[in-house]
Amino acid sequence: MTRYKGDKSAAASYTFDDGYPSSTTVAGIFESFGYRATFFIIPGAIGDTEWGTWKDLAARGHEIGNHSMTHTIDMGDPSVSDATLQTEINAAQDRIAQNLGIKPLSFAFPWHSYTARALSVAESRHYSVRKMSNGESNYQFAFFDQDHDASLSAALSTVNDQLRFVVDNGGWFVAGGHGVDGDGWSPVTSQFLRDHLTFAGQFSSRLWIDTYLNVARYRLCRPQVSVTATASSSTQATVSVGGSFNGELCTAPLTVSLPVKEAWSGNVAARYSDGSAVPVTRTSGKLYLDIRPGRTATVEISP
Ligand SMILES: [Zn+2]
């Protein structure tokens, strides 16, 4: 089981908070590079007619996460009641699920502010809570705004340096922004995003860029599963990804690497028992199979 999907050594996720109108511009820029982003929205501030925008972004592969019901409560304040935490965190999750048809599994606190009690409420129903630091030295939270540097160009060089550090150290880069092009709190520009994603492109062989949830899911599910590989002949093997994993969370494929002879250059195909194809990629000496937890793939190679 590789550290990150596709045997990449590092990961990057891009999150944009508060559901500003320019979120659709942000989404389009990420799509033009072949990537998807995460949008942490405030369900209590979304009108009945506005949910179509978020449904559309979700259908295009972006993640819609929970950023609290009203974004008016500082959940780092110990005097906030349990009932308020339930409304701001869990009722907000229900509201998004009802309107989107997809339960949000990631949460981000307004202003990155929370007590241990608020965090435990969020973690009781969300698998991943976005943090500015997660205790790992190779984790970097990058501010995509104009408030943490003297200028936008200084901010770009700061976040690019952070990404390079994460790639060099095998970690996880999580960007936090709002809107673009004059929209929202301390926005960056479309050009800033394009310049950064172009910079990120140089690391494509080592860097996995995906939504916050998809990276969090991989990190959480990888230790929950076990891989069993059995060769049934010199050209056929079965590979199972099993174990007692969380079935609600672990719904996306994990990458399994299989050794092959370095000089081998034959054909390879992998299928599930229902005949559907399992994605396979290869490098010299290794095959990589993206297999869903709970499933078994049959791999056939030509000699
Ligand atoms: Zn916010």
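Analyst: This is a predicted model, in which local features need pLDDT of at least 70 and side-chain atom pairs count only at pLDDT 80 or more, while totals for chains, interfaces and linings use all residues. Residues are numbered from 1 along each chain as its sequence is written, and side-chain values use heavy atoms, with hydrogens and water left out.

A disulfide is a covalent bond between the sulfur atoms of two cysteines. Searching the whole structure for such links, with a disulfide taken as a pair of cysteine sulfur atoms within 2.5 Å, gives 1 disulfide. The bond joins C221 to C250, with an S to S distance of 2.0 Å, and the angle of -95° about the S-S bond makes this link left-handed. The pair links distant parts of the chain, 29 residues apart: C221 belongs to helix 7 (residues 212-221), whereas C250 sits in the loop between strand 10 (236-242) and strand 11 (254-259). Helices (H or I, at least four residues) and strands (E, at least two) are here DSSP runs, numbered from the N terminus.

As for exposure, buried means under 20% relative accessible area, exposed means over 50%, and partly exposed lies in between, using a 1.4 Å probe and protein chains only. C221 counts as buried because its relative accessibility is 1%, and C250 is likewise buried, with a relative accessible area of 4%. The picture is therefore of a left-handed link whose partners, C221 and C250, are buried.
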